[in-house]
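Okay, thanks for coming, everyone. Let me put the structure up and walk you through a few spots in it.

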Amino acid sequence: MRDKIIEILNDTRPEFDFEKESEGFLEKGFLDSFDIISLVSDFEEVFGLSIPGDQIIPENFSSILAIINLLSKINN
């Protein structure tokens, strides 16, 4: 899952190294609100799940671990 998340992040914002910088995505300016909407769509399509609107918050997209935790929680 981690590798696929990094691949999707790199496709969204190829100018950043998400493998090297694995946290603080919003604080460092790697992602913005438009990117999060795009990521939600990509994650839903790739992982075959539906992310509830109340889970689309900056904290859930601030790091690779946060994204993994979000997707794992929804997938269960």
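So, let's start with serine 63, which touches Ser22, Glu23 and Phe25 once you leave aside its neighbours within four places in sequence; contact here means heavy atoms within 4.5 Å. Before I go on, the housekeeping: this is a predicted model, where local features need pLDDT of at least 70 and side-chain atom pairs count only at pLDDT 80 or more, while totals for chains, interfaces and linings use all residues. Residues are numbered from 1 along each chain as its sequence is written, and side-chain values use heavy atoms, with hydrogens and water left out.

Back to serine 63. It sits in the loop between α2 and α3, where helices are DSSP runs of H or I with at least four residues, numbered from the N terminus. Is serine 63 buried or exposed? It counts as buried, because its relative accessibility is 11%; buried means under 20% relative accessible area, exposed over 50%, and partly exposed in between, with a 1.4 Å probe and protein chains only.

Now the aromatics. The whole structure has six aromatic pairs. Rings of Phe, Tyr and Trp (its six-membered ring) pair if their centres lie within 6.5 Å, and planes under 30 degrees apart are stacked, over 60 edge-to-face, the rest tilted. Phenylalanine 16 and phenylalanine 18 make an edge-to-face pair, 6.4 Å centre to centre with 80 degrees between the planes. Phenylalanine 18 also pairs edge-to-face with phenylalanine 25, at 5.0 Å and 85 degrees. Both phenylalanine 18 and phenylalanine 25 are buried, and phenylalanine 18 has a relative accessible area of 0%. Phe16, Phe18, Phe25 and Phe30 form one aromatic cluster.

Next, the helices. The axes of α1 (residues 2-12) and α3 (residues 64-75) come within 10 Å and cross at roughly 115 degrees. Those axes are lines fitted to C-alpha atoms over the stretch in contact, with angles from 0 to 180 degrees between N-to-C directions. Who makes the contact? On α1, Arg2, Ile5, Ile6 and Leu9; on α3, Ile64, Ile67, Ile68 and Leu71.

Last stop, aspartate 42, in helix α2 (residues 33-47). Aspartate 42 is partly exposed, at 26% relative accessible area. Not counting residues up to four places away in sequence, aspartate 42 touches Ile8 and Thr12. And how far is aspartate 42 from alanine 66? They are 24 residues apart in sequence and 16 Å apart in space, C-alpha to C-alpha.

Definitions and conventions. Helix = DSSP H or I, 4+ residues; strand = E, 2+ residues; numbered from the N terminus.
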